[in-house]
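Me: I am new to reading protein structures. Could you take me through one, feature by feature?

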Amino acid sequence: MLSVVGILFVALLVAWLVVNAIKTPTDFFNVLLIGITQGSVYALIALGYTLVYGILQLINFAHGDVFALSGLFSTTVILSWFGLSDSTAALGIVGGLAATFVIVAAFGAVVNSTIEFVAYRRLRNAPRLAVLITAVGMSFIVQNISLAIYGVTAHSIPPLISSNNIFMIGGVHYAWDAFFVILVTAPVLVLLSWLVKSTRQGKSMRATSQDPEAAAIMGIDVNRTISFTFALAGALAGVAGVLYVVEFNIRYDTGFQLGLIAFTAAVLGGIGNLTGAVVGALLIGLIQAFNEGLSWFAPGSDWTRSLVFAILIAILVFRPEGLLGERTPEGA
Amino acid sequence: MGPRARQLRARVGAQKNRVAKSARLDQLAAQWRRIPSGYRGWVPFLILVSLAITYPFYVASLPTNIPVILTLPTVHDTVTILVFVVMAVGLNVVVGYAGLLDLGYVAFYAIGAYTAGWLASGQFQQINFHFGAVGVGSSETGIHISIWLVLLIAGVVTAIGGILIGLPTLRLRGDYLAIVTLGFGEIIPQFVRNADDLHGFDLTHGTFGISPIDAPGFGMTLHNALGLPIRYDDSFPPTPDRLFFWTVLGILLLTIFCSMRLRDSRLGRAWIAIREDETAAGAMGIPLMRTKTWAYAIGAFFGGIAGAYVATFNSGAFPSQFDFNISIFLLCMVILGGMGSIWGVVLAGTILAWLNVEGLANIGSWLNANVFPSSHQIDVPKYEFGIYGVIIVLMMLFRPVGLIPERRRKREIEEGTRGSLDEPLYEMRGADEPGAGERGESGRIPRG
């Protein structure tokens with residue numbers, strides 16, 4: 001019964017997309033490209049949620065705010081430290097941005113593992129709810145740190161990456177700044193996958209997430225592994241922060257909404273599952289773009305958040321293990 | 001008489017005084033003992049209630065230069081404070097008794113406020129329906145139902161909303177449930193913000209909100225018979241604020257009473273059993289879904305009444321009132337007071353709500369005048385939620401049972417029961433720690 005409803009719903013969705021694609025093909029493909037770009041940024045944040053959840057079964061509410069703080073910090077790095085502007089030579093921009101990515105990723109890593117060290121580590125044996133509530137508290141603290149340093153105004157940087165088109169096929173265009181996001185995200189994802197799958201540290205992460213006690217018996221320093229995971233998640237949030245700043249304005253409270261969207265993406269793909277987070281994030285990015293960009297029976301940007309949360313609720317109720325996750329006793 | 005003798009006499013005098021004082025104290029204590037033990041607990045309560053009831057009469061004569069807090073809240077602000085406390089007591093049923101983390105309580109607040117908006121204002125101009133509303137001309141369009149009825153209807157509608165939200169989601173484990181409620185808490189405010197053009201139909205009047213909303217009152221007949229006010233906002237200040245204050249005080253006392261009686265009822269015991277150990281509660285024959293749904297419905301009921309009351313007090317329901325922050329703010333009250341502890345929640349709710357409406361601004365200006373140098377003035381209210389964040393984290397780290405812990409909850413935390421709230425995040429005990437090896441399985445029990 002439930003699966004019938006699910007299939008019907010997916011069929012309707014596909015039909016809606018097909019009709020839109022036939023009615024306005026140019027818009028459809030433009031929106032598709034926007035969705036993929038947006039989804040890539042979400043993927044980096046969603047991975048942070050999924051990494052931490054995988055190892056601690058904790059929804060780190062503060063993650064979105066770490067992302068926002070890193071994004072704001074990157075404006076300082078780009079504008080004050082390196083003084084990059086759109087008139088800087090191409091080589092300067094490339095070098096400056098590369099350095100910014102490294103610095104901000106390190107910054108995000110430090111912030112995130114500090115949060116873990118200050119708050120979550122003391123609560124290892126505490127009730128699960130206590131840690132969840134602490135995470136909500138940390139989220140507000142980090143957000144207010146951003147507020148104290150950067151104020152309520154939105155921050156932005158001059159357009160460093162050209163918005164000229166790479167190609168233009170019959171109205172469908174793809175700009176350099178959109179490509180830049182993919183150009184950064186793809187290697188980061190490959191690197192992450194290598195780190196988790198093939199290194200010693202990644203192995204201890206996987207072992208700890210499976211069974212912390214057994215991992216400890218095997219000589220894995222569980223606390224260090226958890227710290228490393230938070231640092232990794234923070235670094236991803238840092239990279240996402242820089243990418244976001246290159247594309248959009250950022251404010252101290254940007255991270256909260258975006259964090260929730262990214263979390264939805266992680267749940268959609270199956271929380272704790274790295275591939276799932278990326279797939280979920282791309283889907284959410286596409287859903288958002290289609291909703292805001294298509295013209296035939298699309299609710300429009302006023303309803304994006306409602307739509308994303310409705311998806312979140314539907315997924316949690318009907319398929320809590322997500323699209324790619326395995327069914328666990330906890331999920332259902 | 002030499003100086004030595006005078007000294008001696010003075011000492012004797014002091015001694016006598018002390019004896020007299022202690023005799024008076026003994027007398028008082030004897031009187032105290034004469035009160036039957038069952039009623040003794042009522043004395044501080046009655047003193048507190050009479051202080052609260054007479055508050056509007058003496059607040060104006062209180063000093064306005066108290067260190068740090070400067071002033072006590074005005075009657076107008078006290079209404080808002082008490083409404084928040086009503087909601088906190090309602091949330092306490094969900095979070096404190098039944099142990100279901102609800103991060104979207106603001107949704108219930110919004111539903112209540114908008115129900116009042118729909119049933120007691122000129123929002124629906126197509127309809128002309130009057131029932132017991134006071135001070136509204138019979139030719140005015142819209143639905144105008146007596147506020148007293150609207151409060152009740154809003155509670156019931158919100159409770160039904162709570163059941164509808166709860167039915168599909170209450171099967172989920174603790175943190176997933178938190179996320180789903182958070183989702184609803186985000187969707188409903190966005191819905192009311194956008195629902196001014198649903199295929200041309202204006203349901204909520206969008207960002208402008210629904211305004212004005214009718215005021216409560218008792219009408220002509222009761223006014224003539226009992227001298228009750230005809231309509232709250234007909235009279236001149238400060239009377240309307242006082243009327244609203246006494247009414248909300250009554251609602252709060254009623255809420256506290258219901259909440260206490262519920263806690264000791266069969267249903268309340270079932271909630272606490274679920275909080276302590278869901279699996280065991282289910283095994284003992286408690287219908288889990290039904291019991292949890294009741295917790296949701298009742299928590300929502302109080303939220304709805306509070307929402308409707310705020311709407312009539314402000315004479316409007318506006319989407320900007322229903323931020324996610326409010327949910328956290330209310331949760332903070334429950335945590336700070338102590339989950340499940342009514343008096344703790346009332347105390348913490350009063351403090352935090354006061355900080356929200358007046359306290360932080362007052363403390364901020366005191367700090368700026370007396371502590372911070374004029375070159376480094378800080379806008380304290382701006383960091384309100386950062387301060388709440390700090391409170392939440394500190395409480396969780398150092399005093400997870402709250403300000404006035406409920407006895408039972410305290411024992412649960414000390415003994416480490418394994419309810420859905422208390423399932424450890426990460427069971428890693430050292431061999432020498434208490435409880436080591438008692439529960440090898442890291443709490444991963446399938447939950448029904």
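This is a predicted model: local features need pLDDT of at least 70, side-chain atom pairs count only at pLDDT 80 or more; totals for chains, interfaces and linings use all residues.

Me: How do I describe the way two helices pack?

Reply: Two packed helices are described by the angle between their axes and the distance between the axes. Here, α5 (residues 75-97) and α13 (residues 288-314) of chain B pack at about 170°, and their axes are 8 Å apart. Angles over 145 degrees count as roughly antiparallel, so α5(B) is roughly antiparallel to α13(B).

Me: Which helices could I try in chain A?

Reply: Take α3 (residues 63-81) and α4 (residues 90-120) of chain A. Their axes come within 9 Å and cross at roughly 145°. The crossing of α3(A) past α4(A) is right-handed.

Me: Which residues of α3(A) and α4(A) meet?

Reply: From α3(A) come Val66(A), Leu69(A), Ser70(A), Phe73(A), Ser74(A), Val77(A) and Ile78(A). From α4(A) come Gly96(A), Thr100(A), Ile103(A), Val104(A), Phe107(A), Gly108(A), Val111(A) and Asn112(A). The residues of this contact divide into nine nonpolar, six polar and no charged.

Me: Let us step back. How many helices and strands are there in chain A?

Reply: Count the elements, then read their order. Chain A has 12 helices and two strands.

Me: What does the radius of gyration say about chain A?

Reply: Compare the value with that of a compact globule. For 332 residues, such a globule would have a radius of gyration near 20 Å. Chain A has 20 Å, so the two agree. The C-alpha trace of chain A spans about 60 × 60 × 40 Å along its principal axes.

Me: What share of chain A is buried?

Reply: Buried residues make up 50% of the 332 residues.

Me: How do I read the place where two chains meet?

Reply: The size of an interface is often given as the accessible area lost when the parts come together. Here we list contacts instead. In this model, 43 residues of chain A are in contact with 42 residues of chain B. Helices α5 (128-150), α8 (212-217) and α12 (304-318) of chain A each supply at least two residues to that side of chain A. α5(A) gives the most, with 15 residues. By class, the side of chain A that touches chain B has 30 nonpolar, six polar and seven charged residues.

Me: What about single residues? Where is the peptide bond that is cis?

Reply: Check omega for this. The bond from Ser211(B) to Pro212(B) is cis, with omega near -5°. Pro212(B) lies in the loop between α8 (174-194) and α9 (219-226) of chain B.

Me: Which residue in that loop is buried?

Reply: Gly217(B) is in the loop between α8 and α9 of chain B. Count C-beta neighbours inside 10 Å. Gly217(B) has 23, so it counts as buried.

Me: What is the phi of Leu70(B)?

Reply: Leu70(B) has phi near 65°, a positive value in a residue other than glycine. Leu70(B) sits in the loop between α4 (55-58) and α5 of chain B. With 17 C-beta neighbours inside 10 Å, Leu70(B) counts as partly exposed.

Me: Where is Ser315(B)?

Reply: Ser315(B) is in the loop between α13 and α14 (324-337) of chain B. Its phi is also positive, about 55°, although Ser315(B) is not a glycine.

Key: Residues are numbered from 1 along each chain as its sequence is written. Chains are lettered from A and ligands numbered from 1 in the order in which they are written. Helices (H or I, at least four residues) and strands (E, at least two) are DSSP runs, numbered from the N terminus. The radius of gyration is taken over C-alpha atoms; the globule rule is 2.2 Å times the number of residues to the power 0.38. A residue is buried if 20 or more other C-beta atoms lie within 10 Å of its own, exposed if 12 or fewer, and partly exposed in between; C-beta atoms are placed from the backbone. Axes are lines fitted to C-alpha atoms, for helices over the stretch in contact, and angles run from 0 to 180 degrees between N-to-C directions. A crossing is left-handed if the near helix is turned anticlockwise from the far one by less than a right angle, and right-handed if clockwise. Two residues are in contact if their C-beta atoms, placed from the backbone, lie within 7 Å. Ala, Val, Leu, Ile, Met, Phe, Trp, Tyr, Cys and Pro count as nonpolar, Asp, Glu, Lys and Arg as charged, and the others, Gly among them, as polar. Angles under 35 degrees count as roughly parallel, over 145 as roughly antiparallel, 65 to 115 as roughly perpendicular and the rest as oblique.
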